[in-house]
Amino acid sequence: MSHEGLHESADLLPEATKNLHRALLSLMEELEAVDWYQQRADACSDPELKAVMLHNRNEEVEHGMMTLEWLRRNDAKFDETMRTYLFKEAPITEIEELEKAAEVAEGRAGEAKPRASAGNQSSSSAPSLGIGSLRDL
Amino acid sequence: MALDLLKRKLAPVLPAAFSAVDAEAARVLKLNLAGRRIVDFRGPHGWGLAAVNTGRLDRLATAADRDVQIGIRRAQPLIELRAPIRLPIAELDSVARGAPDPELTPVVEAAEKMAYAEDGAIFNGLEAAGIVGIIPASPHTAHKLPADVTRLPGTILAAREALRQEGISGPYALVIDAAYYAQLLAAAEDGYPVAKRITEQVLDGPLVRAAAIEGGVLLSLRGGDYELTVGQDLSVGYAAHDRETVELFLTESFTFRVLEPKAAVALTR
């Protein structure tokens, strides 16, 4: 059960932290399952069973990404960091510096990044102050 | 050149000055917005979102063909708020010259008004827009805020019990008006701050100050009870300018829905 992984007494933790814990634990389990299925598929000598293993592996990836999206919607730092690093073409270790340089060039340095806690801001929408949800304050 | 409704690229305002205006607006909004600290937030979905699906259907009583029923989907429209900000262009230009202390009082005033309007809709409702607020929606008997704030813990516990009896679980947040909040922060019992006792021993959620309400409300933060849907989130746009003054504005589009009216108990003065 997820409460077994808590490092502090459940009575001391707010519900939001407990839900975050549940999501993080679920994500860990899904990614672990991807690793297991991949190895089993590679080692399996029966083609049909191998196909089932690979199918299951891909299902676990889907489950993991659904959990990751929940984390993005409910944790401002996950949201901010994923917006910085995901779906970019530049070398991963250079993305942060490139983004800072672009902000300075466009005069956006110091501006808050927009935060979406559910749903996506449409591509036609204008830049906002990035207030979003304040439930974490 | 593609432009959005904020039209910022048309403003005679340098990027550094816009950044200062944005930062000041965001600071004041975060300080004053109370509803966003306690309700579920959905969005931002952008200007394109016009209404929220309620899942409800209103049947037309009469139809041309008796064998064909006509129902009209009921949607809750978003409202757009806009508060003007008039600033001297020379003062904004001073930011680009390195002035660390630009006079941005109009930004502060607009941000306070926007926060007040948004919170007013969330807590008190806005009938013309189909918004029922948290407080008028509550079916529970209202509890009276004690004039003596040292007795507030008892009132909170009684209100919490009313929620618990209806099966509304916590954590619970307490939202109170600005005057009572100030009174509470100043109060002490046997030298121990009453506010600290409440946040540490009575409440398991936040204590929130809301300028837009009179009295207070105790409500559940379990989620799924109150939903703020935002189209365009709070933003600064450009309206017009002359030789000396630029008119900017703070804007947003949103609507608010109470999904479980029983999740709050009103506290009256």
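This is a predicted model: local features need pLDDT of at least 70, side-chain atom pairs count only at pLDDT 80 or more; totals for chains, interfaces and linings use all residues.

Entry 1, α1(B) and α3(B). I started with helix α1 (residues 15–32) and helix α3 (residues 105–124) of chain B; their axes come within 9 Å and cross at roughly 40°. I looked up the hand of this crossing, and α1(B) passes α3(B) right-handed. On the α1(B) side I listed B:Val21, B:Glu24, B:Ala25, B:Val28, B:Leu29 and B:Asn32, and on the α3(B) side B:Val107, B:Val108, B:Ala111, B:Glu112, B:Met114 and B:Ala115. Sorted by class, the residues of this contact come out as nine nonpolar, one polar and two charged.

Next I checked helix α5 (residues 152–165) against helix α7 (residues 194–202) of chain B and got an angle of about 30°, with the axes 10 Å apart. Angles under 35 degrees count as roughly parallel, so I put α5(B) down as roughly parallel to α7(B). The crossing of this pair is right-handed. From α5(B), B:Leu152, B:Pro153, B:Ile156 and B:Leu157 meet B:Val194, B:Arg197, B:Ile198 and B:Val202 of α7(B).

Which residues of helix α6 (residues 178–186) of chain B are buried? I found B:Tyr180, B:Tyr181 and B:Leu184. They span an arc of only 105° around the axis, so they sit on the same side of α6(B). The face turned away from that buried side has the exposed B:Ala179, B:Ala182 and B:Ala186. Looking for what covers the buried residues of α6(B), I noted elements of chain B including α5, α7 and β8 (172–176).

Note on methods
Residues are numbered from 1 along each chain as its sequence is written. Chains are lettered from A and ligands numbered from 1 in the order in which they are written. Axes are lines fitted to C-alpha atoms, for helices over the stretch in contact, and angles run from 0 to 180 degrees between N-to-C directions. Helices (H or I, at least four residues) and strands (E, at least two) are DSSP runs, numbered from the N terminus. Angles under 35 degrees count as roughly parallel, over 145 as roughly antiparallel, 65 to 115 as roughly perpendicular and the rest as oblique. A crossing is left-handed if the near helix is turned anticlockwise from the far one by less than a right angle, and right-handed if clockwise. Two residues are in contact if their C-beta atoms, placed from the backbone, lie within 7 Å. Ala, Val, Leu, Ile, Met, Phe, Trp, Tyr, Cys and Pro count as nonpolar, Asp, Glu, Lys and Arg as charged, and the others, Gly among them, as polar. A residue is buried if 20 or more other C-beta atoms lie within 10 Å of its own, exposed if 12 or fewer, and partly exposed in between; C-beta atoms are placed from the backbone. The arc is that of the directions from the helix axis to the C-beta atoms.
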